[in-house]
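Good morning, and thank you for coming. Please look at the sequence and the structure on the screen while I speak.

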Amino acid sequence: MSRKFIVGGNWKCNPKTYKECNELLKAWKKALPNVDRSKVEVVICPPALWLTSFTESFEGLGFGVCAQNCGKTDAGAFTGEWTAANLVDLGLKWTLLGHSERRSLYGETDEDVAEKVGKCQEAGLGVILCIGEKLEEREGGKTDEVNKRQLGACLPKIKDWDKIVIAYEPVWAIGTGKVATPEQAEETQKAIRAYLSQAVSSAVAEKVRIQYGGSVNPENCAELIKQPNIDGFLVGGASLKPSFMDIISAVGPSKMVEVWPAYASKMEKEGCNQAAIDAFKYNFGVLSSGADVMLPESKLDPVESLPTYEKLKVKPDARLLKKTLILKLNGGLGTGMGLDKAKSLLEVTGGNTFLDLIAKQVANMKKEFKTDLKFMLMNSFATSADTLEALKKYTDLGTGSDLEFVQNKAPKVTESDLSPATWEKDSSHEWCPPGHGDLYPAMLGSGTLDKLLKKGYRYMFVSNSDNLGATMDLKILAHFVQSEAPFMMEVAERTDADKKGGHLAQSKVRQLIPSLIPW
Ligand SMILES: O=C(CO)COP(=O)(O)O
């Protein structure tokens with residue numbers, strides 16, 4: 001029977017501040033693509049005060065939350081305690097029990113731990129049951145005896161073994177930097193399993209997961225996890241570092257670890273810039289991690305009200321145009337409309353294509369506002385040449401890197417094994433434009449962002465090149481500048497014809513999240 005690995009991060013009474021927790025979670029998020037969550041279950045044990053503070057962040061990482069302790073009573077006059085049922089009520093699935101620090105610093109006995117285990121079983125709460133010997137006990141050859149005693153006290157209370165994980169944590173290895181050798185840990189954990197087989201049943205012994213804990217770190221975890229009776233780790237100090245993810249990825253490496261080098265060298269050979277490589281790496285990491293990126297409706301509220309254009313109090317200010325770039329997203333081909341060129345080359349009316357009308361709109365604004373408006377296109381490698389050719393006649397618009405930057409290319413991915421797709425007959429088919437979400441990496445990687453910032457541009461108006469209704473509105477620009485928001489979106493009521501496109505929703509926890517924004 002194969003047992004799913006389980007790794008716990010026991011933060012104990014750390015870190016010192018809420019802010020530090022958030023920083024740690026941010027660092028973990030970056031490394032997450034290296035972890036295959038189908039191979040390893042991860043639970044984090046924050047201090048009790050923060051058990052629900054990071055629920056959304058932990059869920060986003062695919063990690064469960066585990067308490068570090070619970071009381072041995074039901075609800076009542078027990079100041080400072082909390083019950084197993086309280087933890088279930090908070091939505092938690094796990095708690096640690098019997099940690100050696102509770103036993104040695106707070107006087108918890110085997111009987112106390114057993115009572116707590118009983119309460120958790122009644123409440124349906126999973127328990128990571130910590131056992132382990134002290135140094136003198138190991139040196140006195142009493143390791144197995146101690147483990148049997150601590151575990152044995154709890155056995156009469158356990159009915160549901162699916163809700164029990166055992167953490168073997170030799171006390172002499174906890175927080176000392178003195179890790180058990182893989183052989184020592186394996187020998188002891190094998191003995192624990194043998195004891196369960198004899199005292200409970202071979203089926204339980206076979207299925208129950210046994211973690212090792214005590215000075216586990218990214219360097220020593222790979223050898224330990226190879227042992228047949230080590231089913232994961234309970235990590236203390238090393239779980240407070242960004243490199244905790246290295247431990248998890250050593251236990252459950254994702255496809256990313258295996259295939260990313262092939263993508264990196266392919267993109268470097270193709271001359272992709274670093275921003276393009278980083279952006280693709282992030283997206284590929286999300287894909288290969290198997291993360292569920294859907295936001296369930298239970299986490300969303302509808303957007304009930306937004307400021308309306310008519311009610312905006314600001315005064316239009318044409319001077320802001322000097323600091324504003326008008327950008328049209330022009331990477332898409334008109335294939336769906338029978339055109340193998342840029343969609344914006346389709347004729348719309350009176351012999352004018354979308355591009356012609358855009359050029360005329362820009363010329364009109366320059367005249368109307370008496371300012372030299374900065375206009376650019378984000379093209380794709382498939383639309384650049386045709387677009388520049390078509391716009392040659394509008395000499396005022398500028399040309400080359402003054403008029404366009406080209407969005408990145410992303411390597412196509414083979415669906416079956418996530419390897420880079422190959423097409424020997426024509427290797428250009430191995431690449432695709434990554435879509436308009438590539439706006440920021442493309443601006444950054446092409447050097448366009450730096451160039452514009454140096455010239456004093458601060459604001460950018462973005463719309464699709466086939467959206468002729470979207471024009472720069474001075475009142476909205478002034479409102480945007482005044483709000484100091486990093487991003488603003490102009491939205492309209494849907495019509496019955498609107499079947500596709502974005503949907504506005506409000507996260508119950510975060511700010512407004514229009515679904516079209518890459519975030
Ligand atoms: O006590 C532990 C986890 O519960 C182990 O702590 P360290 O990993 O810091 O040795």
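By the definition used here, a residue is buried if 20 or more other C-beta atoms lie within 10 Å of its own, exposed if 12 or fewer, and partly exposed in between, with C-beta atoms placed from the backbone. Leucine 449 is found in helix H17, residues 448-454. Leaving aside neighbours within four places in sequence, leucine 449 is in contact (C-beta atoms within 7 Å) with Met443 and Leu444.

Some words on the source. This is a predicted model, in which local features need pLDDT of at least 70 and side-chain atom pairs count only at pLDDT 80 or more, while totals for chains, interfaces and linings use all residues. Residues are numbered from 1 along each chain as its sequence is written. The term pLDDT is the predictor's confidence in each residue, from 0 to 100. The mean pLDDT of the chain is 92, and 97% of its residues reach 70 or more. Over residues 510-519, however, pLDDT stays under 50. Where pLDDT is low, the predicted coordinates should not be read in detail. The model scores are ipTM 0.95 and pTM 0.69.

Next, the chain as a whole. The secondary structure comes to 18 helices and 18 strands; these are DSSP runs numbered from the N terminus, with helices (H or I) of at least four residues and strands (E) of at least two. Of the 519 residues, 34% count as buried.

How many residues does the largest nonpolar core have? This core has 71 residues, and those with the most contacts inside it are Ile128, Leu129, Ile166 and Ile247. A nonpolar core is a set of buried Ala, Val, Leu, Ile, Met, Phe, Trp, Tyr and Cys residues joined through C-beta atoms within 7 Å. Helix H11, residues 244-251, gives the most to this core, with six residues. Apart from it lies another core, of 24 residues, among them Ile326, Leu377, Phe405 and Met443.

Helix H14, residues 354-369, deserves a separate look. Its 16 residues reach 22 Å from the first C-alpha to the last, close to the 22 Å expected at 1.5 Å a residue, where the expected span is 1.5 Å times one less than the number of residues. The buried residues of H14 are Phe354, Leu355, Asp356, Ile358 and Val362. What covers them includes strand E10 (324-330), strand E13 (374-379) and helix H15 (384-391). Lysine 370 follows H14 and has a positive phi, near 50 degrees.

Now to the loop between strand E1 (5-10) and helix H1 (18-31), where proline 15 is found. A cis peptide bond joins asparagine 14 and proline 15, with omega about -15 degrees. Lysine 12 is found in the loop between E1 and H1 as well. Lysine 12 has a positive phi of about 50 degrees although it is not a glycine.

Finally, which residues come nearest to the ligand? Of the 14 residues around the ligand, they are Asn10, Ile174, Ser215, Gly236 and Gly237; a residue is near a molecule if its C-beta atom, placed from the backbone, lies within 6 Å of it. Thank you for your attention.

Notes. Two residues are in contact if their C-beta atoms, placed from the backbone, lie within 7 Å.
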